[in-house]
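Subject: Structure handover

Hello,

Here is the structure I said I would pass on.

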Amino acid sequence: MYDTIVIGAGLAGMMAAIGRAERGERVLVLAKGHGATHWSTGCIDLLAGGEDPWAAIAQVAVQNPQHPYALAGPRMIEDGINRLRAIAEAAGYPLVGSFTRNLLLPTALGALRPTAFAPATMIAGDARQLRDGRPTLIASFAELRDFFPPLIAANLRAQGIPAEAAQLTLPPTHHRHDISPVTLARLCDQPTFRAHLGEQLADLVRKGGYVRIGLPAILGLKHATEIVRDLQNRAGALIFEIPTLPVSVPGMRLYHLLEDAFLKLGGRIQLGGFVMRAEHIGDTLVAVFSEAAAREQRHTARRWVLATGGILGGGVRATPDGHLHETALDLPLQTPDGRAGWFAPRFLNAHGHPVFQTGVRVDQRLRPLDAAGRLVYENVQITGGALAGYDPIREGCLEGAAIATGWAAGQT
């Protein structure tokens, strides 16, 4: 029997698991696959509204007592993010930023997106630096079809940033029909490929006089900081990464450094274990059953953390008869009444769509409650996107809320 089983391997689940393992517990992370890290930017968004995310968080917590930030509290928010930053720093992949001032980083469309903390590999792309009047180059390989430098450069110019675009070429031996960010990241881990890339970048800098170059976030899976430093020396210009469409290489890096930290603490991870149902005695969860090759596998623990995400993470699914269902433990959900109430009439509704606030209602200790406010399980805590009452994507707090509530579940 485990002391704690965490269901879900995203940021919330991994932070809860690390917190529990650091307290000396025997911990299992049980998940059907990787979490939202693999399709996120690899940055830590605290809150999108306003320049000062910490001030905005305080306001949100007052306005919505059921918001994850209100439930976790300022200490867990700060401690959780600082713990993650310490893990990243120890792994040689610093997360740079501030609780009180959002960075503005380019997206793969050339928009400027606010985020509180970003990998050091992206920091030279902060809009406050890009607007210094000196020329910036956006470059990529034509084979990476979801990253188009002319579009990014044009949209940056429309926002007052002098930017131009260039196309890079792959070595003849690396031509493939399908090139993904992960494929290129593995190539960037190879010194010969980096030398070829560095020569092209240096040539472009000599011709155009660029002081910085924006590249897709493909600069290695394991040693991105060193690779950026190497390419800067070769090119004679600052290098910054721009997040791509999924699969996200920076998100993969973030997951793997958390995975390494957890395993070093003696934890165990079991992926491919889709939790289908639960076994309980009264208000105590005793066991869960996951899919296995030819049978169900039974898992037991004293305490549990649910970190399966909401609708976007697959922790909540719609049934054919028009209901929303929590997939792992069949917990009661706080959700709009009837399918007609799931979506606002306008697709780009300023307040988002009610369905994305679907989740599990909890008490102050993050334990699940039913519609009448009664405790469902006394030894289960709910974290991240599985919580009700907020829209993490629209509010720009996906990572922050996951880390804060995950860390809180790992401490209490």
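The notes below go through a sheet, a pair of helices, the nonpolar cores and some single residues.

Please keep in mind that this is a predicted model.

The sheet

I began with an open sheet of 4 strands, which pair in parallel and run in the order E8-E7-E9-E10. The edge positions belong to strand E8 (163–168) and strand E10 (238–242). Each of these has a single partner strand, so one side of E8 and one side of E10 have no neighbour in the sheet. On average, and ignoring direction, neighbouring strands here are turned by 25 degrees against each other. Helix H5 (residues 149–158) packs on this sheet, where it touches E7, E8 and E10. The direction of H5 makes about 170 degrees with that of E8.

Within the sheet, strand E7 (residues 136–141) pairs with strand E9 (residues 212–216) in the parallel sense, over 3 bridges. Thr136 is the residue that stands opposite Arg212 in E9.

E9 also holds Ile213. Is Ile213 buried or exposed? Its relative accessibility is 0%, so Ile213 counts as buried. Neighbours within four places in sequence aside, the contacts of Ile213 are Leu137, Ala139, Leu201, Val205, Ala235, Ala237, Leu238, Ile239 and Phe240. One of these, Ile239, is 26 residues from Ile213 in sequence, while the C-alpha atoms of Ile213 and Ile239 are 4.9 Å apart in space.

Helices H6 and H7

Helix H6 (residues 181–188) packs with helix H7 (residues 191–208) at an angle of about 100 degrees, and their axes are 6 Å apart. Angles of 65 to 115 degrees count as roughly perpendicular, and H6 and H7 are therefore roughly perpendicular to each other. Which residues make the contact? From H6 they are Leu184, Leu187 and Cys188, and from H7 they are Phe193, Arg194 and Leu197. Sorted by class, the contact has 5 nonpolar residues, 1 charged residue and no polar ones.

H6 is mostly covered, with 7 of its 8 residues buried. The buried ones are Pro181, Val182, Thr183, Leu184, Ala185, Leu187 and Cys188. Their cover includes E7, H7, helix H8 (224–235) and helix H9 (249–264).

The nonpolar cores

The largest nonpolar core has 80 residues. Ile7, Leu84, Leu258, Phe262, Leu329 and Ile382 have the most contacts inside this core. Helix H3 (residues 68–90) gives the most to the core, namely 9 residues. Leu258 is in contact with Leu11, Met14, Met15, Ile18, Leu84 and Ile87, leaving aside its neighbours within four places in sequence. Another core, of 40 residues, lies apart from the largest one, and its members include Ile161, Ala163, Leu184 and Leu197. Leu184 and Leu197 are also among the residues that join H6 to H7 in the contact described above.

Single residues in loops

Thr383 sits in the loop between strand E17 (380–382) and helix H10 (392–395). The relative accessible area of Thr383 is 1%, and buried means under 20%, so Thr383 is buried. Not counting residues up to four places away in sequence, Thr383 touches Ala12, Val305, Leu306, Ala307, Thr405, Gly406 and Ala409.

Where is the cis peptide bond? It runs from Pro246 to Val247, with omega near 10 degrees. Val247 is in the loop between E10 and H9.

Asp330 is not a glycine, yet it has a positive phi of about 55 degrees. Asp330 lies in the loop between strand E16 (324–326) and E17. Leu366, also not a glycine, has a positive phi of about 70 degrees. Leu366 is likewise placed in the loop between E16 and E17. Are these two buried or exposed? Asp330 counts as exposed, at 55% relative accessibility. Leu366 is buried, with a relative accessible area of 3%.

Regards

Notes:
Residues are numbered from 1 along each chain as its sequence is written. This is a predicted model: local features need pLDDT of at least 70, side-chain atom pairs count only at pLDDT 80 or more; totals for chains, interfaces and linings use all residues. Side-chain values use heavy atoms; hydrogens and water are left out. Axes are lines fitted to C-alpha atoms, for helices over the stretch in contact, and angles run from 0 to 180 degrees between N-to-C directions. Helices (H or I, at least four residues) and strands (E, at least two) are DSSP runs, numbered from the N terminus. Angles under 35 degrees count as roughly parallel, over 145 as roughly antiparallel, 65 to 115 as roughly perpendicular and the rest as oblique. Contact means heavy atoms within 4.5 Å. Ala, Val, Leu, Ile, Met, Phe, Trp, Tyr, Cys and Pro count as nonpolar, Asp, Glu, Lys and Arg as charged, and the others, Gly among them, as polar. Two strands pair if DSSP finds at least two bridges between them. A nonpolar core is a set of buried Ala, Val, Leu, Ile, Met, Phe, Trp, Tyr and Cys residues joined through side-chain atoms within 4.5 Å. Buried means under 20% relative accessible area, exposed over 50%, partly exposed in between (1.4 Å probe, protein chains only).
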